[in-house]
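The following note collects points on backbone geometry, helix packing, the chain contact and the nonpolar core. Please read it alongside the model.

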Amino acid sequence: MSSDDIISSDASLDAEQSRTFVTVLDLIIPASDDGRFPSAADMDVLGYIVKTEPELLDTIRLELDRLNAVSKDLHGVAFGDALGAERQALLDEVRGDEPKFLRDLALQTVTLYYQDDRVMEAIGLEARPPFPKGYEVVAGDLSLLDPVRARGQVYRDVES
Amino acid sequence: MSDDVVDVLIIGAGASGAAVAWSLAETKMRILCLEQGGWMNPSEYVSTKRDWEVLQNTDFAISPNFRDRAADYPINDDESAIAVANFNAVGGSTILYSAHFPRMHPSDFRVNSLDGVADDWPIDYQTLEPFFAENDRNIGVSGLAGDPAYPYHEPPLPPVPLGLSGETMGRGFNKLGWHWWPSDTAIITRPYEGREQCANLGPCNAGCAQGAKSSADITYWPMALRQGVELRTDCRVREVTVDENDMATGAIYFDADGVEHHQRAEVVIMACNGVGTPRLLLNSTSSNFPDGLANRSGLVGKNLMFHPWGLVSGVFDQPLASHFGPQGSCMLSQEFYETDLNRDFVRGYNMQITRGVGPVATARNGVAQGKIPWGKGHHRAFEKYYDRTIYMGLCCEDLPEEHNTVTLDPKLTDSHGIPAPKVTYTLSENSRKMLDHGLEKGVEVMQAAGAWDIQSHGHVRMAGWHLLGTARMGKDTSRSVVNEWGRSHDVRNLFIVDGSVFVTSGAVNPTTTLQAVALYIADAMKRNLANLFD
């Protein structure tokens, strides 16, 4: 599935919230160093949430605002504008305080991420549903059953 | 409104209702089946969609309470240690079953004689053997002849592939000297009766788009319909009616438009599963049956059995392509199936080796458990788990206990206002000890197979697929609801053919036994047709 398949969600977040949101996504799943895997920030996670779990949206706004407020208090800038190490420390602190929100966000993020064409191809899958092409599975070596056969009957005989 | 009388009215078009409809069709009686669900469209099954891993847990979730399709009825399982799983459609729960198809053992029908617990069945394995074979041929069952855990039988089709994961586990079992064998599976591995063979799509337990899984809608029903059986879908039965002579007269049902009908019948056959059947009987009260139809024994709804379920997973170093292939069917071990007096429990359990999960579930599980981290380490950790995980289900025999019940909920109703079932169930001490043993042995074999990360968990609450025992068969009218061929002791033209009639549960997925019992009852009805109500 490409991000184009997802309902667009402009205006769900203001500019500062949006910057912080994509920063958090990149902290959840950054691009791989070898370039095979994209960053989760490259995907329309917000659109996916609007489509699949819209009740999470209000919480996202609140939590992003909270993250930005803490960041401004400590570092004078919104979370999305903070330095890398500061962001990570802040996020770790917030994860400790409010694990459910970030846990839910992370689960939604990976759910979308691992349906993305680029990611499927990176893990060796064709970007398609299982049907109709299906997959090859090796039959397996049935001679492994020789010792099981050699041992003989393992069920109880019962008189009729 | 009163409709024409039919010879046989079957309620429920799932595994057992379909088998009975097909078997009785040769009598040329007028047979009608009422089913509360509709026909499934295989093109809508999850494997046709890119987001199949998500849909598997939403539109095709196994809990009727969560899924809440129009055909579903709610089940109050708040006071049950195990939550009910089912599906309501033509084909019933075979639409979502894993098609793991091991038979019950000969000893399963003699648990009182052998182990001094529960009751013996009034029939035995030998009686059912021809019906097991007939069922295997009718629907297309795959497997490998010669399993030393069973009397010899020959599945009509070769087994599903072991895959690298099956081979890996086979080596582990061999290291310990334990039994294992490729599972009998109701999935066709070669073209069969006009159906295409399995394409290893993966999520069989959310419907098979290929049509290779032998669900009742694409096996028995086309055969039964060709022979003249009538099937009315989207028809929900409210109660079975009875006259002053204790004979069933038919059933009152709501059609797709919500219009109430009274369908008259000479014979009524219940095939609504171990929750649906007692629910309907308990909803069918009259002056002669104030406690529910066919319930003079007081046992309708009692002795509910599930199979307490344990889960063990192992992660391996090497790639195993473990999420391809029939998800719930690979191989089994019955090393601990039979009673061993050296253990602290009686009876035993089956180890069911299943495939791994797809990328989304791998990531979600890993992130939720903290094994796949956020940040730079994410990709590397994901690759350590993805397609390298093997699962094992532990299917424990559940012994009947009268306090485990299906009753009517005093408040909850379905969309037609019919009282919904309430399930009350606790795990016995015997089950707990058996589960603990199974989890320990599951870990042991995962270690022997070379897994580096092993998890065990049980009992699993959302695993109440197997609904058994709530209208048990027997010869003693005070200790059973139906006789040895499924006829109600109290209502001589009322038959029950689903898992309700099981006296004990065995320790295997019950569908093959359940369908063999249904075919056996239909055969008994045909043989006794001239004096069916004597």
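1. A residue counts as buried if 20 or more other C-beta atoms lie within 10 Å of its own, as exposed if 12 or fewer do, and as partly exposed in between, with C-beta atoms placed from the backbone. By this rule B:Asp387 is buried, because it has 24 C-beta neighbours inside 10 Å. The phi of B:Asp387 is near 65°, a positive value in a residue other than glycine. B:Asp387 sits in the loop between helix 10 (378-385) and strand 11 (389-396) of chain B; helices (H or I, at least four residues) and strands (E, at least two) are DSSP runs numbered from the N terminus.

2. The model is predicted: local features need pLDDT of at least 70, side-chain atom pairs count only at pLDDT 80 or more, and totals for chains, interfaces and linings use all residues. Residues are numbered from 1 along each chain as its sequence is written, while chains are lettered from A and ligands numbered from 1 in the order in which they are written.

3. B:Asp234 also has a positive phi, of about 55°, although it is not a glycine. Its place is the loop between strand 4 (230-232) and strand 5 (236-242) of chain B.

4. One joins A:Phe131 and A:Pro132, with omega about 10°; A:Pro132 belongs to the loop between helix 6 (117-122) and helix 7 of chain A. Another joins B:Gly458 and B:His459, with omega about 5°, and B:His459 lies in the loop between strand 14 (453-458) and strand 15 (494-496) of chain B. As background, most residues other than glycine have a negative phi, and most peptide bonds are trans.

5. In chain A, helix 2 (residues 45-52) and helix 5 pack at an angle of about 105°, with their axes 10 Å apart (axes are lines fitted to C-alpha atoms, for helices over the stretch in contact, and angles run from 0 to 180 degrees between N-to-C directions). Helix 2 of chain A is therefore roughly perpendicular to helix 5 of chain A, the term for angles of 65 to 115 degrees. A:Val45, A:Tyr48 and A:Ile49 of helix 2 meet A:Gln108, A:Thr109 and A:Leu112 of helix 5, contact requiring C-beta atoms, placed from the backbone, within 7 Å.

6. The contact between the chains takes 38 residues from chain A and 53 residues from chain B. On the side of chain A that touches chain B, helix 1 (15-28), helix 5 (99-113) and helix 7 (146-151) of chain A each supply at least two residues.

7. The largest nonpolar core has 202 residues, of which B:Ile11, B:Val20, B:Ala21 and B:Ile269 touch the most other members. Such a core is a set of buried Ala, Val, Leu, Ile, Met, Phe, Trp, Tyr and Cys residues joined through C-beta atoms within 7 Å. Helix 12 (residues 511-527) of chain B gives the most to this core, with 9 residues. Because 13 of its 17 residues are buried, helix 12 of chain B is largely enclosed by the rest of the structure. Leaving aside neighbours within four places in sequence, B:Ile11 has contacts including B:Leu34, B:Val237 and B:Ile269.

Technical notes:
Two residues are in contact if their C-beta atoms, placed from the backbone, lie within 7 Å. Angles under 35 degrees count as roughly parallel, over 145 as roughly antiparallel, 65 to 115 as roughly perpendicular and the rest as oblique.
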